[in-house]
Amino acid sequence: MITLAIGLSIVLLLVILFLLFRIGTLASIFRGSTQRAVGTTKTSNKVNSLLMLLFLIVGGAAFAWSFADAWDDMNQPLASVHGGWTDSLFWTTMIVIGIVFVITQILLFWYSYKYQHKDEKRAYYYPHNNKLEIVWTMIPAVVMALLVFAGWKTWANITSAAPADAVVIEVMGKQFSWLVRYPGPDGKLGEANVHLIDATNEIGVDFSDPNSMDDFMPREIHVPKGKPVLLKIRSRDVIHSVFLPHFRVKMDAVPGMPTKFWFVPTKTTAEVRTEIGNPDFNFELACTEICGRGHFAMRFILVVDEPEEYEEWLASQTPFIEQNPQLLTKFTHDAKEQVVLEKSAEEVKTEL
C-alpha cells in the first residue's frame, strides 16, 4: 500500500512539473519571446482531436448501454393513478433535455476535432448576431415555460384535496422506524399530542378523545385497490421523507408541520407479483431523508388488497387501547385529577 502511494505521488509530481513547463511555454508565447506553436506538434494536435472523437463514440456507446442495462431498475412497476402523470412529466422532460444534451455533446467534441489548432488557420472574428441571440434565448424560454406549466398542472392535480371517502392513514416518522395509525369503524382519527408521547404511547394519542377509542396500529399498511388513500404525515424528532416508489409518492415528514399526500392504488400486491414474476415482491414505505445512523432500517411493508380482502383485514384489527388497557386507566386517572384541581381552583375563588 505504501509503495502504491509513493508511486502515485511520483506520477503526480511529474504531471505537475509538466504542467508548469507548459505554462512557462504559453507565457513566453504571449510575451512574444518565442515563436513556438501553442500545440507541441501537429501530430499531437491530430492525436488529441482524434481522441476527442473516440471519447464521444465510446462514451456515447457506454452511456447508451448503461441506460438500457439499468432500464428495469429505473422503471419500477407503476401502481397508482397519479403515478402515470408523474412518469409522463418526467419522461417528457428527460426527452427534451436529452435531445439538447446529445446535440451539444456531439457539437462539442466534433468542433474540438474540426477546429484543432493549425498554424495556417486563423479564427473567424464573429462577435455578435442579434437574430441568433433572440433564437437561442426564445426557444429555451418557451420550452421551459411549457415544462413549468405542465409541472404546475400535474402538481396541482396531485396535491389537490383528497376525496371525502378516502381511506385515512396517519404515518409518523421517528428515529428509526415508522409508526402507522388507522381510524376504527367510526372513520375518524383521535387527537394526538406530542406531550403525550411515552414508551407505550409512541404516537401520542389522546385517549380522552372518544374518536381514539377504536384507532389501531398495524404491523403492515393495507390499502384497497381502486380507492383513494390519504396519508397524514408527521414526524416526532427529525425530518424524514415518506417514499412509496411504486405509487410515485414522496412527501417530507417535518417536525411540527403536518403534511399530507393522497393517491389511488391501481394494482394489488398479488397482481404485481404475477406481472414481474416475483412471488416475494412487496410494496414498501421507505425513508429518503438521511435521518441518522439507523436510516437504512426505516422500512414498512405496504399491501394493496382487493376491496373485499381489505374489509376483511380491517375487521380483524384490534384497537390499540384494547392491547394497552393501562393507557385508558392512566388517562381516566389524569382526567379525575384535573377535575379535582379545577374544583379546588373554584373553591379558592369562592373563598376570595
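# Rings, strands and burial

Me: What makes Phe 63 count as partly exposed?
Reply: In this predicted model, the relative accessible area of Phe 63 is 48%. A residue is buried under 20% and exposed over 50%, so Phe 63, whose value lies in between, is called partly exposed.

Me: And how do you know whether Phe 101 is buried, partly exposed or exposed?
Reply: The relative accessibility of Phe 101 is 45%, and because this value also falls between 20% and 50%, Phe 101 counts as partly exposed.

Me: How many aromatic pairs does the protein have?
Reply: The count comes to 19 aromatic pairs, where two rings are taken as a pair if their centres lie within 6.5 Å.

Me: What makes the pair of Phe 281 and Phe 283 edge-to-face?
Reply: The planes of Phe 281 and Phe 283 are 80° apart, with the centres separated by 5.1 Å. The distance is within 6.5 Å and the angle is over 60 degrees, so the rings pair and the pair is edge-to-face.

Me: Are Phe 281 and Phe 283 buried or exposed?
Reply: Phe 281 has a relative accessibility of 8% and Phe 283 a relative accessible area of 0%. Both values are under 20%, so Phe 281 and Phe 283 are buried.

Me: How do you know that the charged end of Lys 114 sits over the ring of Tyr 115?
Reply: The charged end of Lys 114 is 5.8 Å from the centre of that ring, and the cut-off for the distance is 6 Å. An angle within 35 degrees of the ring normal is required as well, and Lys 114 is listed as sitting over the ring of Tyr 115.

Me: Why do β2 and β7 stand at the edges of their sheet?
Reply: The sheet is open and has 4 strands in the order β2-β1-β4-β7, with mixed pairing. Strands β2 (177–181) and β7 (259–263) each have a single partner strand, so one side of each is left without a neighbour in the sheet. From one strand to the next, the twist averages 25°.

Me: What makes β1 and β2 a pair of strands?
Reply: Strand β1 (residues 167–174) and β2 share 5 bridges in the antiparallel sense, and because at least two bridges are needed, the strands count as paired. Val 171, for instance, has Val 180 in β2 as its bridge partner.

Me: Why is Ile 233 called buried?
Reply: Ile 233, which is found in strand β4 (residues 229–235), has a relative accessible area of 0%, and since this is under 20%, Ile 233 is buried. Its contacts beyond four places in sequence include Val 171, Met 251 and Phe 261.

How values were computed
Residues are numbered from 1 along each chain as its sequence is written. This is a predicted model: local features need pLDDT of at least 70, side-chain atom pairs count only at pLDDT 80 or more; totals for chains, interfaces and linings use all residues. Side-chain values use heavy atoms; hydrogens and water are left out. Rings of Phe, Tyr and Trp (its six-membered ring) pair if their centres lie within 6.5 Å; planes under 30 degrees apart count as stacked, over 60 as edge-to-face and the rest as tilted. Buried means under 20% relative accessible area, exposed over 50%, partly exposed in between (1.4 Å probe, protein chains only). Axes are lines fitted to C-alpha atoms, for helices over the stretch in contact, and angles run from 0 to 180 degrees between N-to-C directions. Contact means heavy atoms within 4.5 Å.
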